[in-house]
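My entries follow in the order I made them.

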Amino acid sequence: MNKLIIIPDVHGRSFWRDAVVKYPHDEFIFLGDYLDPYPYEGIDAAEAFSGLQDIVRLWKERPGKVTLLLGNHDLHYLHGELEGSRFDVRHAGRNAAFFKANMSAFQLASEREAAGERHLFTHAGVGHRWLSHHIPGLKDEQITADFFNRCYPRKAFIKTLADVSYFRWGMSEYGSPVWADVQEQCIAENQIPGVIQIFGHTMVNAPVNLYNRIYCLDCQRPFYLDLEKGGIYECYTDNLVTPCNTR
């Protein structure tokens, strides 16, 4: 089976390491948020930073086989416009310097085709409302990973990524692809037709699958996309994430 291993938000956790050992020949995609561990999980800043260094090293050791996406926490270190995430003030300079020194390893979005369907990977999911607000007139077929990756370095676009909606106690009407909540992605008119979206960001106890079109993966374990038959599966059980665990 040809697999794309999906690693949701890391936040200093080590669950991705076992997947690297188990799947030495498969492709990997990390969905962002590598640092800023949750205090109650007992992971310190040094451990989280070491993990990020190892992830970038993995990207270098497996050229073309590892994709690293940016999340809101990562962008917080890179851009002042995205302030608001939990933030390691003490090590902010070191963290920012590391991201800037390794920017060629990171991107905002990625996509793959599986079983004739286009799959779009971002940190928090792309909402039609957010797109229409900031980029009116954009056609659905233009909503691609390449589009987002070309837009990202532009300062005006970076500012739009700071949008946080009321679903996450923000002030904006719509959340951005690095800061949306799964609840707003579940709104029918907010979804992007013709594409299956896979993202993390929202802390959920079990993976959300809405009509096999919207997947929000919980951040405690790896998953994979079957590149031949389609479908998202739990790595260690091979259980299909079925469309019943919606919020």
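Before starting, I wrote down that two strands pair if DSSP finds at least two bridges between them. Helices (H or I, at least four residues) and strands (E, at least two) are DSSP runs, numbered from the N terminus.

I noted that this is a predicted model, in which local features need pLDDT of at least 70 and side-chain atom pairs count only at pLDDT 80 or more, while totals for chains, interfaces and linings use all residues. Residues are numbered from 1 along each chain as its sequence is written, and side-chain values use heavy atoms, with hydrogens and water left out.

**Entry 1: the sheet**

Strands β5 and β6 (residues 117-121) run antiparallel and are joined by five bridges. Across from E113 I found R118, in β6.

I then traced the sheet and read its order as β5-β6-β7-β9-β8. The sheet is open, has five strands, and its pairing is mixed. Which strands stand at the edges? They are β5 (110-114) and β8 (208-210); each has a single partner strand, so one side of each has no neighbour in the sheet. From one strand to the next, the twist averages 15°; for such angles, axes are lines fitted to C-alpha atoms (for helices over the stretch in contact), and angles run from 0 to 180 degrees between N-to-C directions.

**Entry 2: salt bridges**

I used this rule: a side-chain nitrogen of Lys or Arg lies within 4 Å of a carboxyl oxygen of Asp or Glu. How many salt bridges does a search of the whole structure find? It finds eleven.

I checked E41 and R13, whose closest N and O atoms are 3.0 Å apart. E41 is in the loop between β2 (27-30) and α2 (45-61), and R13 is in the loop between β1 (3-7) and α1 (15-22), so the pair links distant parts of the chain, 28 residues apart.

For accessibility I took buried as under 20% relative accessible area, exposed as over 50%, and partly exposed as in between (1.4 Å probe, protein chains only). E41 is partly exposed at 23%, whereas R13 is buried at 6%.

Next I looked at R112 and E27, which form a salt bridge at 2.7 Å, N to O. R112 lies in strand β5 and E27 in strand β2, so this pair ties together parts 85 residues apart in sequence. R112 is partly exposed, at 26%.

Last, I found R221 and D218 in a salt bridge at 2.8 Å, N to O. R221 is partly exposed at 25%, and D218 is buried at 2%. I also recorded a network of R17, D54 and R57, joined by salt bridges that share partners.
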